[in-house]
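Hi,

Here is the structure I promised to pass on.

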Amino acid sequence: MKIWAHRGASGYAPENTLEAFVLAVEMGADGVELDVQMSRDGHLVVVHDERIDRVSDGSGFVRDYTLKELKGYLFNRTHPEYADARIPTLQEVYELLKETSLCVNVELKTGIYMYDGLEERVLELTRRMGMEERVIYSSFNHYSVKKIKELKPDARTGILYSDGIFHAAAYAESIGADALHPAVYNLQYPGVMEAARERGLKVHVWTVNTEEERLMCLEAGVDVIISNYPDRMRGRCKALTIS
């Protein structure tokens with residue numbers, strides 16, 4: 001079972017910042033999960049919420065700011081001890097991780113605002129940076145997942161979902177997805193893992209932060225857990241596997 005750092009090592013550093021991704025590397029994560037939106041001037045920026053209020057000293061919607069304007073804010077509100085954390089571009093994250101072996105789960109944030117051309121721009125950047133073998137694309141907007149597969153049939157994709165989807169594996173297969181990305185409590189539904197295995201789908205579970213959740217994932221045999229605390233997951237998972 002592999003461990004991906006949720007928005008980087010976001011339990012310790014400001015989420016979706018270079019600082020959080022560096023920490024994930026240092027903590028031995030197998031991959032990172034991040035979120036991509038577009039600035040007003042068309043840059044791919046790594047940030048989760050549609051508004052910047054929760055994570056920065058600014059206010060307003062990501063899409064209303066240019067990249068230069070976004071870079072002017074501090075993105076350390078959740079961890080003020082990181083005095084100069086800024087919003088990164090997707091290219092900056094790729095540059096940081098390119099020489100590592102980490103997988104990058106790029107979540108396309110198109111559920112509320114469609115961000116015309118986001119899928120094409122992300123695919124083009126990933127190709128140009130030589131990261132195609134290292135990236136998997138996911139979204140709560142399954143139209144985006146389907147579009148990625150239409151644009152690049154061999155791209156790896158996963159469907160994100162929080163509440164129970166009836167026959168989730170069959171549904172994912174029907175749109176050409178390669179993996180399920182369920183919230184951890186969806187493992188309680190009957191036959192989730194069995195159905196995924198029958199169809200050759202990977203199962204990447206979020207957000208796994210407690211011992212109870214770790215045990216549930218280990219017992220279910222999921223492929224990846226996505227956690228704010230990759231160091232804790234690494235230590236506990238090794239111990240539990242050995243025992």
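This is a predicted model: local features need pLDDT of at least 70, side-chain atom pairs count only at pLDDT 80 or more; totals for chains, interfaces and linings use all residues.

Residues are numbered from 1 along each chain as its sequence is written, and side-chain values use heavy atoms, leaving out hydrogens and water.

The largest nonpolar core has 40 residues (a core being buried Ala, Val, Leu, Ile, Met, Phe, Trp, Tyr and Cys joined through side-chain atoms within 4.5 Å; buried means under 20% relative accessible area, exposed over 50%, partly exposed in between, with a 1.4 Å probe and protein chains only). Among the residues with the most contacts inside this core are Leu34, Tyr94 and Val106. A second, separate core of 23 residues includes Ala168 and Leu180.

There are four aromatic pairs (Phe, Tyr or Trp rings, the six-membered one for Trp, with centres within 6.5 Å; planes under 30 degrees apart are stacked, over 60 edge-to-face, the rest tilted). Tyr65 and Tyr73 are edge-to-face, at 5.5 Å centre to centre and 80° between the planes. Tyr65 is buried at 15%, whereas Tyr73 is partly exposed at 22%. Phe140 and Trp206 are also edge-to-face, with centres 5.7 Å apart and planes at 85°. Phe140 is partly exposed at 38%, while Trp206 is buried at 19%.

Finally, the charged end of Arg51 sits over the ring of Phe61, 4.8 Å from its centre (the rule: NZ of Lys or CZ of Arg within 6 Å of the ring centre and within 35 degrees of the ring normal).

Best wishes
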